[in-house]
Amino acid sequence: MKILLKILVTIILLFVIVGLLLPSRVLVERSVLIDAPATKIFPYLNDLRAFNRWSPWAGRDPNATYSFSGPDSGVGMRMRWYSEQPDVGSGSQEIVTSVPGKSVTTVLDFGETGQARATLFITADGVSSRVTWRFEEELSWNPLHRWIGLAMDSLLGPDYEQGLVNLKSLLEATG
C-alpha cells in the first residue's frame with residue numbers, strides 16, 4: 001500500500017513539475033490564399049454577424065443563440081453565444097483592434113476557462129490575398145492549463161483551417 005502511495009505521489013509531482021516547465025503561451029496559426037482583394041475580404045472579418053457565415057462553429061449547433069451589441073462593425077462590436085454542445089460552448093468575443101484592409105483582433109472570453117486573442121490578417125499576394133488566422137493565449141501557472149496548451153494546435157488548428165476554407169468558398173462564390 002505504501003509503495004502504491006509513493007508511486008501515486010511521484011506521478012502527481014512529476015505531472016506538476018513538468019507542467020510548470022511547459023510553455024506559458026499558446027500560438028495556433030493557419031492561412032489560406034483567397035482569390036479576392038483585401039477590400040472585399042475585410043467586411044467579413046470586421047463584422048461579427050458576417051463571421052457566422054463562415055465560422056467553423058456556427059453550423060455545429062443550429063440551436064445556439066447569439067446576441068450582438070455595440071456598433072454594427074469594427075472596434076467595440078461584441079458577440080455573445082450560448083450552446084449546450086461542448087464543441088461550441090459559450091462565451092463572447094469583442095473586436096478590440098480594426099485596421100481597414102489589414103487586420104481585425106478580437107478578445108475571446110470563455111468565462112472561467114479564461115481569455116485569449118484571435119487576429120485575422122490580410123496580406124496582398126498579387127491579385128489574391130492571404131488571410132492568416134492567429135490564436136494567442138497566455139497560460140496561467142496552472143500545470144493542467146499548460147498540458148492542455150500542448151494540444152491546442154491539434155485541437156483548434158483543424159477548426160481554423162475549416163473556417164478559412166469556408167471564408168474562401170464564400171468570397172470566391174460571390175465573385
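The expected span of a helix is 1.5 Å times one less than its number of residues. Keep that in mind for the second stop of this tour of a predicted model.

**Stop 1: the whole chain.** Turn the view around: the C-alpha atoms fill a box of roughly 70 × 35 × 25 Å along the principal axes.

**Stop 2: helix H4.** Now select residues 143-173, which form helix H4. How far does H4 reach from its first C-alpha to its last? With 31 residues, H4 reaches 45 Å, close to the 45 Å expected. Next, click on alanine 151, where H4 bends by about 50°.

**Stop 3: serine 128.** Move on to strand E7, residues 128-138, and pick out serine 128. Is serine 128 buried or exposed? Serine 128 counts as buried because its relative accessible area is 13%, and buried means under 20%. Show its neighbours too: leaving aside residues up to four places away in sequence, serine 128 touches Leu33, Ile34, Asp35, Ala36 and Thr123.

**Stop 4: surface and charges.** Of the 175 residues, 38% are buried. Finally, colour by charge: there are 16 positive and 18 negative side chains, and the centres of these two sets lie 5 Å apart.

Conventions. Residues numbered from 1 in each chain as written. Predicted model: local features only at pLDDT ≥ 70, side-chain atom pairs only at ≥ 80, totals over all residues. Heavy atoms only, no water. Helix = DSSP H or I, 4+ residues; strand = E, 2+ residues; numbered from the N terminus. Bend = angle between axes of the 7 residues up to and from the residue. Buried < 20%, exposed > 50% of the residue type's maximum accessible area, 1.4 Å probe, protein only. Lys, Arg positive; Asp, Glu negative; His and termini not counted. Charge placed at Lys NZ, Arg CZ, Asp CG, Glu CD. Contact = heavy atoms within 4.5 Å.
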